[in-house]
Amino acid sequence: MAETSIIFSDVNERQGVFSRRVFLMGGVVAFGLFALTGRLAQLQLIEGGKYRRLSSANQFNYRLIPPPRGQILDRNGVVIAGNRPSFSVLVMRSQVKDIDETLDQIAYVLPQTLLRRRAILRDINQSRRFAPTAIATDLNWEDFAKVNLYASTIPGVDVSMDEVRVYHYGGAFSHVIGYVGKISDKDLKAENAATGDEEQLDPILLHPGFRIGKQGIEKAFDKDLRGVAGARKIEVNATGNIIAEDSDGMRPATPGEDVVLTLDAEIQQRALEVFGEDSGGAVLMNIHTGEVLCMMSAPSFDPNLFVSGISSKAYGLLRDYERLPLLDKCIGSTYAPGSTFKVATALAFLEGGINPEERVVCSGSYRYGNRSFACHKRGGHGPQTMHDAIKNSCDVYFYHMCNRAEAGPDRIAQTARALGMGHVFENFEIAGQKRGTIPDREYKRTAFKNDPKWHPGETLSVAIGQGYVTTSALQLCTYIARIANGQKAVEPYLVKKIGEVEKVPFKDFKDLPFSRAHLDIVRAGMVAVSNDVTGTAYRNSRLNLGNIEMAGKTGTAQVRSYDKVTNRRNEGIPWKLRDHGLFVAFAPADNPKYAIAVIVQHGMGGSMFAAPKAREIMKLALIKDPEMQARIIQPMPVDPNLANAPDQPLTSDAAPEPLDINPSPDAIPPQ
Amino acid sequence: MAESALTRPGQRERYQNKFAQIDWTLCLMMALIAGMGSLVLYSVGGMSWDPWAYDHLFRFGLCFVVMIGLSMINLSIWLSISYWAYGGSLLLLVAVELFGKVKMGAQRWLDIGITDIQPSEFMKLAIVLALARWYHENSAKDANWSWKLLVPIFMILIPFTLVAHQPDLGTAMLILITGVAVMVAAGLNWKAIATAAGAGIVAIPFVFTFVLHDYQAKRITTFLDPESDPSGSGYHILQSKIAMGSGGLLGKGLGLGSQSQLNFLPEKHTDFIMAAVSEELGFVGGASVFLLYGLVIFMALRIAMLSHSHFGRLAVAGAIATFAVYVLINGAMVMGLAPVVGVPMPLLSYGGSVMLTVMVGFGLIQGVRVHRYQELPRQNSIFARFE
C-alpha cells in the first residue's frame, strides 16, 4: 500500500546522518588519495635512484666473458697446458620461467640433453641464482650453429664460446702441473676467506666456463694464470631475450699470464715411457742451479678428464687402483732410501774421522747383541774399504762402523739433513711435499713416548737407509745434486718465468759443510758402482755416450720384515710386499751437471729395475744439453791424407756458374 | 540555483532540460581520465593506436552515450527495478555456480549464446540499487540494531559468497565494500560497524587457511614480502615499483619507459596501467591522475548531497564508493601497498566490461543529478505489517 509518508523528523534525521556520513566517506577517500600520492612521491622522488638502478639492471645485462687461461710452457717453449675452443649452452635460471619447457625446447635441437635431463636439472637447482649453468658442453660446430640460431628465441638460454684447458702431454705432467676444475664450495670458501666477504667475490668464479687450478702448478700460480674477465653489455627484455648489444659496454677479457717451467717435455715423456706399467717417481735436476728438468710420477692419469668434470666411476677407479695414480710419488710419498742412503752415511763417517782405508771383513752377516744382521750378499764381500763398501753396497761395513764414537745416529742425521733430506724445500713451488724422516736421538725421544731411548741396534738400520729413514724422490735427487755439486746446498725449483717476468733463480745457496777430499772419496765410490765391472750397477748404468759416464748408487728397500721370511726372493709374492727399487746418480761422472733419483715402488731391485730407467732419462737429458753434445759428438778422426792434401786452387776458367737470382717462372719445376 | 526556478509541472521532464542538468564538468573530468588512458595505451602499444588506444577511446565514447541515455531515466524507474535487478543478478550468479564456463581456473562466465557474460559485474550495480531501496523504504532507526539489519547483511553476503567461490576475490571484496559503504552512508550505527570490523579481524586467519585458494593466499604473502621471489608471484609488484620509481619527477617520456616498453611490466595496459603512467609521465603525471580521480569522486559526492530522495543519495554514494574502491585498491596494488587482486583502474585501464560497468554507474549518478528534485514515495516495505 503506497503511502506518502512525510515524517519530517525522520527525513531530516536521515538526511543529517547521510550528510555526515558522506563527509566521512569523502574524508576517507581524500585520505586514501593523499596516501597514494604520498606513496607515489616516496617511490618516485625519494627512492627514485634505487629504482632507476634496478630498472637499468633489468634493461641491461652484463654477460661475463671468461678470460683465456695462461699457458704453461716447458723450458723450451713447448706448450704443455694450453687452451682449445669449446662451445657450450648455458641456462640462466633467474630468467627461466618454466625450466622443463625450456629444456624441452633445447632437446629439440640437442637430443643428447634428454639423456642427461636429471643431471642437468640437479645442476640447475644447485646453481646460484644469477650464475648460468652449462647444460651441454663441448658441442661440435654444427650443433653449436644450430643452438646459436635458436637460442635467442628461448628465454634464459645463451650460448658461449669459451676456451677450455687442454693438456697436450696427457699424463706426463699430471702431478707437477696438476689440473683445473670447476670451482667447488670449498674453493669458494677459500676465496671468500681470501677476499674478506662474498660481495667482493669475482662473479666470474661462478661462470660455468671458468676453471680454477686444483693441483700443482695450476693451483700454485692460479692467480697469475687466471686473467681478468671481460664483459659485454646487452639490452634484454623481460623474458630475457636479447634486444641489442651495446658495443660501448664491451670490455674484452685479459688473458692470464703464461708460466714457463724448468721442466723439459721430452725428458718428462721419456720418463713416463720408461716406467711403463711400473709405479714410482723420477726426478732429474741441474746440480748447479737446482732447475728440475724432470719430475714424473707413474702411473699417471689424464688430467684432461678433470677439466670438464670426471665421472665418479672413473675417479673411483683411479683412486682405488693399488698403484695410486693420483699420488705424486716424487714429493707426496716417502720411501725408505735403502742403500742409496749409504753415500750419506759414508760421508758422515768421513766427517766423523773414520779412516776410509780401514778395512772391515764382511762374512755375510754381522752379529750385534743377540741378533744377526745379514748382508745382502750371503757369502760376504771379504775385506772392504769404504770405497769397496760403496761399490759393493756392503751392509756389514756400515753395520760395523755406524756405532763407533766417530759416527752414531746424530752425526748421520746431521749429514743427511745437510744434504737435503728430512725437511721440505721452502722455495719449491708446488704444494704437497712430505718431510720424510731422518731419525736421531731427539727424534726417538719425541716420537716414541713408550721407548724414548735410542738403541744402538737401530743405528744399524739407519746406516743402510732402513728403519725409520724415509725420503722422497725429490729429496734423494737434491741429496745427490749436493753430493755432486760439493760446495753449495742447491735447492730445487720448477718455474723459470711468469708472464714476461723472468723468475730470478735462487742463487744464495748455503755452503755445504763437507770437505772436498771426503766428497771425492764418496763420489769415487759412486763412479765405481756404475763403471767398475764389479759395481752393483755396472750392467745397468752404462750410458754409451762417448766418454760421458754416470756415477750412481743402487738401493733396494725392504717393505716387509725379513725376520720370519725364508725366501727373500721377490718373484711370486704379492706386488704390495715386494721391495722398493731405487737408484740415484749424477752425470757426467768427471764434471757433474745433472743428478737423478728414481724410485720404483715395489720394483724389487734398484740395480735391475731402477738403474735402467735412470740411465734412459739421464741419457736424454745429456743428449739434449748443448754442452754435452759437444762431448758426445766427437770430431771424426781426420784422415791424414785429406788433411795434408793441398787446397784446390780456384782458377778463373773454372769459375762457378753465376746463380740465376731471378729464375723465370718456367724454370720452376712443376710440383 | 537557476534550475530551481523551473517550477512548472512537466518542465523538468523535457529532455532538453534534463540534458542541461547533466554535470558536464564531471563529464569533462572523466573524459580527461579516459584521454590520459588512451595516451598511455598509445605509448605502451608501441606508439600506435593499435591495439589498445583507439579501442579505448571508442569504448569510452560509446559508453558515454549509454551514460547520457541512462541519466535520462526517471529515478522512480531505477527504484522500481532495483530488487528485480538484484534478484536477476543473483539468479545469474547461481547459474554461473551451476553451469558457468571455466576460464583460467575460475568459473566466472556464463555463455548466453552470443557472448560470455560475467554476472558479478551486474551485481556491483544491483547491490547498490537494492541496498539504496532498502534504506530508502526503511527509517534511519532501522539502520541501527534491529532484526532488519539482517536483511541487508544477507543481501551482501549471499552474492559475496557466490562471487568469492568462483573464485573472484577482487570482485567479491568490491561487492562487500560497496554494500558496507551504502549501509554506513544510510546511518548504520558505530557499534554495529565496530562489531562487524571486530568479527572481520577475527575471521582473517580462518579465511586465510580454509577459504582462500593457494594462489590467493600466496598473493597476500608475497605482497607482504615481494622481494622474496622476484620472478614468481612477487614479480608483478616488484616490477611495478621499479617502473614507477624509475620514472622520477617528470618521467621517462612517452614511449621511452623501458619497464613498460620491454615487457618487464606485466598487464601494463590493464591492471598495471598506473605504473606505465608513472614511469613515462613521472610523478607529475601520476599525481595529476589521482587529482582527477579525487575531483570526480568529490563531484559525485556533492551530487549525492544535492539529491532530494534518500534512494538517490544512497545510490550515488554506493556507485561512487565502487568507483573509489577501484581507484584506491588499484593504486595501492601497483605501488605495493596491497596484494595483487585483479582490480583495474576505472576509465584508465583498457577493458570493455569494466568500462561499461563504471559508465552505467555514472549514468545512475548523472541520473540522480538530473532528477535531484524528484521526491520518491516511501512505499511500504514487505515488512511494514510487522511494524
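Student: Why does Leu324(A) count as partly exposed?

Tutor: Leu324(A) has a relative accessibility of 33%, and since buried means under 20% relative accessible area and exposed means over 50%, with partly exposed in between (1.4 Å probe, protein chains only), Leu324(A) counts as partly exposed. This is a predicted model, in which local features need pLDDT of at least 70 and side-chain atom pairs count only at pLDDT 80 or more, while totals for chains, interfaces and linings use all residues. Residues are numbered from 1 along each chain as its sequence is written, chains are lettered from A and ligands numbered from 1 in the order in which they are written, and side-chain values use heavy atoms, with hydrogens and water left out.

Student: Where does Leu324(A) lie, and what is its phi?

Tutor: Leu324(A) sits in the loop between α13 (312-320) and α14 (342-352) of chain A, where helices (H or I, at least four residues) and strands (E, at least two) are DSSP runs numbered from the N terminus. Its phi is near 50°, a positive value in a residue other than glycine. Most residues other than glycine have a negative phi, and most peptide bonds are trans.

Student: Is Asn544(A) buried or exposed?

Tutor: Asn544(A) has a relative accessible area of 67%, so it is exposed. Asn544(A) also has a positive phi, of about 60°, although it is not a glycine, and its place is in the loop between α21 and β21 of chain A.

Student: Which residues does the cis peptide bond with omega of about -10° join?

Tutor: That cis bond joins Ala587(A) and Pro588(A), and Pro588(A) is placed in the loop between β22 and β23 of chain A. In chain B, the peptide bond from Asp50(B) to Pro51(B) is cis, with omega near -5°, and Pro51(B) lies in the loop between α2 (24-44) and α3 (53-71) of chain B.

Student: What is the order of the strands in the open sheet of five?

Tutor: The order is β12-β11-β23-β22-β21 (chain A), with antiparallel pairing. The strands β12 (292-298) and β21 (551-557) of chain A stand at the edges because each has a single partner strand, which leaves one side of each without a neighbour in the sheet. Neighbouring strands of this sheet are turned by 5° against each other on average, direction ignored.

Student: What makes β11 and β23 of chain A a pair?

Tutor: Two strands pair if DSSP finds at least two bridges between them. Strand β11 (residues 279-286) and strand β23 (residues 594-601) of chain A are joined in the antiparallel sense over eight bridges, and Val283(A) stands opposite Ala597(A) in β23(A).

Student: Which strands does helix α20 of chain A lie across?

Tutor: Helix α20 (residues 473-485) lies across β11, β12, β22 (580-587) and β23 of chain A, running at about 150° to β23(A). Here axes are lines fitted to C-alpha atoms, for helices over the stretch in contact, and angles run from 0 to 180 degrees between N-to-C directions. Helix α21 (residues 516-531) of chain A lies across β21 and β22 of chain A and runs at about 80° to β21(A).

Student: How many disulfides does the structure hold?

Tutor: It holds zero disulfides over all chains, a disulfide being a pair of cysteine sulfur atoms within 2.5 Å. Cys477(A) is in none, and the nearest cysteine sulfur, that of Cys294(A), is 9.0 Å away.

Student: Why is Cys477(A) called buried?

Tutor: Cys477(A) is called buried because its relative accessible area is 0%. Cys27(B), with a relative accessible area of 3%, is buried as well.

Student: What makes a nonpolar core, and which residues touch the most other members of the largest one?

Tutor: A nonpolar core is a set of buried Ala, Val, Leu, Ile, Met, Phe, Trp, Tyr and Cys residues joined through side-chain atoms within 4.5 Å. Of the 132 residues in the largest, Ile217(A), Met295(A), Phe349(A), Tyr397(A) and Ile617(A) touch the most other members, and α20(A) gives the most to this core, with nine residues. Apart from it lies another core, of 126 residues, including Ala41(A), Ala126(B), Val128(B) and Trp134(B).

Student: Which residues does Leu281(B) touch?

Tutor: Counting contact as heavy atoms within 4.5 Å, and leaving out residues up to four places away in sequence, Leu281(B) touches Met36(B), Val40(B), Leu249(B), Leu250(B), Gly251(B), Leu254(B) and Ala276(B). Leu281(B) belongs to helix α12 (residues 273-306) of chain B, and its C-alpha atom is 5.7 Å from that of Leu250(B), 31 residues apart along the chain.
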